[in-house]
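Colleague: I have a few questions about this model. Can you take me through some of the details?

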Amino acid sequence: MKTRKKKDVRESKLPYHLLSLPAVLLSGSIVLIPAIQTIFSSFTKWNGISKTKVWIGLQNYKELFHDWIFWKSLTNNIKWTLLFITVPVIVAMLASVLIAYYRIGHKTFQAIYLVPYLLAPTTNAIIWLNIIFSPSAGLVGFLQRAGWISITSPLGNMSTALLGVAMVDIWHYWGFLTVIFLAALRQTPMDQLESAQLDGANGWRLFFHIYLPNILPTVSLMMVLIVIYSFMTYDYIYLLTMGGPAHSTEVLSTYTYSLAFSAFKFGKAAAVSLSMGLIGSVAAFFYTWLSRKEAVE
Amino acid sequence: MKRILALLLTCLMALSMLACAQPATQEGTDTTGATSATQAPAAEEPATDSARKQITFWFWGAATPYQETMVNVLCGWYNNSQSDYELVMEFRNTVDTDIPVALAAGTAPDIVYASGPSYTSTYAQEGLVLDLNAYAEQYGWKDRVLGVMYDACTVDGKLYSIPGAMVVGGLYYNKALFAEKGWQPPKTWDEMLALFDAAQADGIYALGAGNKGWKPCNDHFGSMIINHAISPSAFYNALSGTSSFNTPEMVSAVNLSAEWFQKGYLTGQDYVNTDSMEVMQLLADKRCAMVMAPTLYTQFVAQSTLADTPDDVGFVAMPSAYTDQPIYDVSMTSNYAINASTPYPDECAKILNYMLTPEFVVEMTRNWPGYWTIPIKELADVDTSSLTGLSLFTIECVKEAIPYIDAGNFAFHPSTFFPPATVTAFEDIDTVWQGVLTAEQFCAAVATELDAEVAAGLVCPLAKPAY
């Protein structure tokens with residue numbers, strides 16, 4: 001009787017196991033195996049094409065400890081994360097609340113905000129590099145020549161280059177956040193809103209006491225995702241500055257790429273990417289914990 | 001019912017995954033953004049017999065008209081010359097990273113593109129490209145190719161690749177601008193510096209230079225300043241292991257390059273915001289006095305408005321602080337090897353041999369000026385009567401340099417002659433320009449990489465420069 005019951009349970013779960021099988025196979029083949037190889041490579045000296053990897057223990061990690069470009073990259077990743085969990089979140093929150101509150105032209109605004117997000121990073125980068133920042137054909141060059149204001153591209157200056165690249169990426173990203181927040185805001189129970197309004201709550205009180213508590217789980221999850229993405233960021237930095245000038249915009253991912261494909265130091269590159277992965281894993285763990293907590297609640 | 005639906009969905013997912021795993025089509029654009037072609041639209045229809053065996057050749061993602069030129073000339077010639085094989089070109093923006101990955105995975109093309117001998121020496125040491133000595137003997141390549149370029153393609157005395165174009169560094173200038181200002185092309189170091197200051201006083205950039213879109217450009221400008229401030233022997237001695245890269249002389253030259261940058265000689269504050277094409281447009285717009293660059297920049301002149309008045313383009317050797325003789329910075333745009341696992345090595349060698357002919361040089365340069373000055377000795381006597389404008393200008397620039405290069409008046413360009421980790425370290429010369437590192441720290445970092453790569457035998461044989 002007991003065996004029969006167990007068998008029934010197994011049979012009832014079979015389709016679900018089968019459904020998850022492709023995902024497990026995919027993860028195993030394109031994530032797990034390369035991840036194990038990367039961990040192993042980080043302890044070796046390897047040029048990326050040789051069949052033999054020379055085991056050198058912790059040498060790559062010791063070198064990274066004394067490598068100023070690695071620390072510069074890590075610092076830039078942290079700066080990037082801080083920028084992304086503040087600027088676009090605040091801007092998107094403001095825009096979504098305004099749209100939700102006034103409900104005038106919200107569909108049009110949503111569509112407009114999403115346009116940069118829908119464009120390929122290459123397209124966005126080319127727009128900013130050639131139409132805005134270019135001293136020859138761009139807006140910056142035009143303003144320089146017109147002599148109206150003294151302006152230079154932020155990408156050319158060591159102290160503003162990272163902000164310049166982040167600005168472009170934030171321009172592309174905040175519209176997406178707005179749409180996510182707006183979707184969450186729409187889930188706010190109308191009865192709470194109406195009773196608060198009847199009690200005479202003003203806009204700020206509505207936001208802090210009604211809207212924000214309702215969308216907080218979404219905001220928290222987005223923040224964790226932003227942290228994960230920030231430590232993996234690559235595209236806009238590579239397209240706009242390739243990590244320059246003088247490594248002022250270098251982040252761990254661009255440094256990994258440069259070590260692997262310019263210097264043929266795949267072992268050291270693996271060590272950098274592993275450290276990047278470890279930080280991402282902490283954020284991913286936190287994300288999973290939040291998701292479960294939310295599901296339970 | 002739910003169970004059946006779930007099983008059905010599973011089957012559908014499995015089927016769709018299998019469908020996704022089908023190989024990409026051979027023509028058109030694949031998921032990497034690469035484009036492949038066997039013939040240009042205008043080319044004569046070759047016999048496209050499906051039984052033809054394919055020879056593959058990946059190249060970098062040049063501008064579309066240039067891609068068409070290459071397909072027309074190279075594929076056109078080869079595919080029409082016989083009916084058993086078909087040469088298929090694929091243009092990839094990421095060719096420099098695709099090739100090593102594909103070689104390691106055993107899926108590389110038959111003809112292996114490289115952005116300089118430092119790449120092929122690594123491939124050769126791993127046995128991934130063929131020793132071409134037998135073909136060199138069969139086709140007489142050693143007698144036909146300029147020694148300095150031939151030697152750069154060898155490892156332990158064996159030839160592993162053939163050189164692409166030899167380009168020479170110098171100063172581009174706009175003759176119309178010089179006529180307006182009453183300037184003369186500089187013949188001495190002091191004249192050049194005076195011209196830089198005069199240009200800046202007139203509100204234009206002294207030199208057009210920039211690394212937007214391609215950070216490794218730093219090595220063009222950094223190495224040219226160093227090679228003309230101190231003798232080319234400094235690089236030679238470091239590369240041949242007879243002295244360190246980190247010498248007081250080198251430190252002073254690196255400091256000088258930083259001084260030039262800080263004075264604004266290199267496009268002022270717009271170095272990072274200017275790409276190679278924009279640099280040439282600055283020259284066309286008379287917004288910079290000169291452009292310090294290798295002759296491959298002629299391809300960017302062709303993309304600027306200066307292409308409408310090619311007679312206005314001038315090019316002279318960059319003056320040096322230590323001699324009045326012209327010194328040319330020598331580099332290779334690319335080089336080509338044969339995949340060790342190709343089933344058609346003889347056919348690949350036949351294609352490479354065609355690339356070492358005056359006919360190929362002239363036909364490529366006709367529509368792609370600046371990039372195809374293959375370093376063959378016949379280049380000095382090549383018939384250029386059918387060429388005009390920038391195409392003729394390209395060949396003439398290199399022709400003028402060849403006797404000097406033969407006499408040893410050349411300097412080494414890092415991207416061609418430095419091994420991979422060393423050239424990557426050298427490209428960080430902008431850290432000194434921007435005040436992040438001192439010249440001493442920079443030279444020490446380059447020396448560390450170079451010493452390790454010299455010990456690993458990754459430096460190609462070098463001809464000794466005269467200075």
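Colleague: Which strand does Val316(B) lie in?

Modeller: Val316(B) belongs to strand S12 of chain B, which covers residues 313–316. Keep in mind that this is a predicted model.

Colleague: What is Val316(B) in contact with, leaving aside neighbours within four places in sequence?

Modeller: Gly170(B), Leu171(B) and Pro185(B).

Colleague: And where is Phe360(B) relative to Val316(B)?

Modeller: Phe360(B) is 44 residues away along the chain, and the two C-alpha atoms are separated by 26 Å.

Colleague: Staying with chain B, what does the domain assignment give?

Modeller: According to the assignment, domain 1 of chain B is 28–165 + 333–390, and domain 2 of chain B is 167–331 + 395–455. Their C-alpha centres lie 28 Å apart.

Colleague: How many residues does each domain of chain B put into the contact?

Modeller: Domain 1 of chain B puts in 21 residues and domain 2 of chain B puts in 25. On the domain 1 side, the elements giving two or more residues are helices H4 (117–125), H7 (147–152) and H17 (389–406) of chain B.

Colleague: Which of them gives the most?

Modeller: H4(B), with 3 residues. By class, the side of domain 1 of chain B that touches domain 2 of chain B has 12 nonpolar and 9 polar residues, and no charged ones.

Colleague: Now the contact between the chains. How many residues come from chain A and how many from chain B?

Modeller: Chain A contributes 31 residues and chain B contributes 36. On the chain A side, helices H1 (2–41), H6 (121–133) and H12 (252–261) each supply at least two residues. H1(A) gives the most, with 5 residues.

Colleague: What is the make-up of that chain A side by class?

Modeller: The side of chain A that touches chain B has 17 nonpolar, 13 polar and 1 charged residues.

Colleague: On to helix packing in chain A. At what angle do H3(A) and H10(A) pack?

Modeller: About 145 degrees, with the axes of H3(A) (residues 68–84) and H10(A) (residues 203–232) 9 Å apart. The crossing of H3(A) and H10(A) is right-handed.

Colleague: Which residues make that contact?

Modeller: From H3(A), Asn77(A), Trp80(A), Thr81(A) and Phe84(A); from H10(A), Ile226(A), Val227(A), Ser230(A) and Phe231(A). They divide into 5 nonpolar, 3 polar and no charged.

Colleague: What about H4(A), which residues are buried there?

Modeller: Pro88(A), Ala92(A), Met93(A), Ala95(A), Ser96(A), Val97(A), Ile99(A) and Ala100(A). Their cover includes H3, H5 (106–118), H8 (161–185) and H10 of chain A.

Colleague: What span should H4(A) have?

Modeller: H4(A) runs over residues 87–102, so at 1.5 Å a residue its 16 residues should span 22 Å. The end C-alpha atoms of H4(A) are 23 Å apart, which agrees.

Colleague: What follows H4(A)?

Modeller: Arg103(A), with a positive phi near 55 degrees.

Definitions and conventions: Residues are numbered from 1 along each chain as its sequence is written. Chains are lettered from A and ligands numbered from 1 in the order in which they are written. This is a predicted model: local features need pLDDT of at least 70, side-chain atom pairs count only at pLDDT 80 or more; totals for chains, interfaces and linings use all residues. Axes are lines fitted to C-alpha atoms, for helices over the stretch in contact, and angles run from 0 to 180 degrees between N-to-C directions. Helices (H or I, at least four residues) and strands (E, at least two) are DSSP runs, numbered from the N terminus. A crossing is left-handed if the near helix is turned anticlockwise from the far one by less than a right angle, and right-handed if clockwise. Two residues are in contact if their C-beta atoms, placed from the backbone, lie within 7 Å. Ala, Val, Leu, Ile, Met, Phe, Trp, Tyr, Cys and Pro count as nonpolar, Asp, Glu, Lys and Arg as charged, and the others, Gly among them, as polar. The expected span of a helix is 1.5 Å times one less than its number of residues. A residue is buried if 20 or more other C-beta atoms lie within 10 Å of its own, exposed if 12 or fewer, and partly exposed in between; C-beta atoms are placed from the backbone. Domain bounds come from an automatic or database domain assignment.
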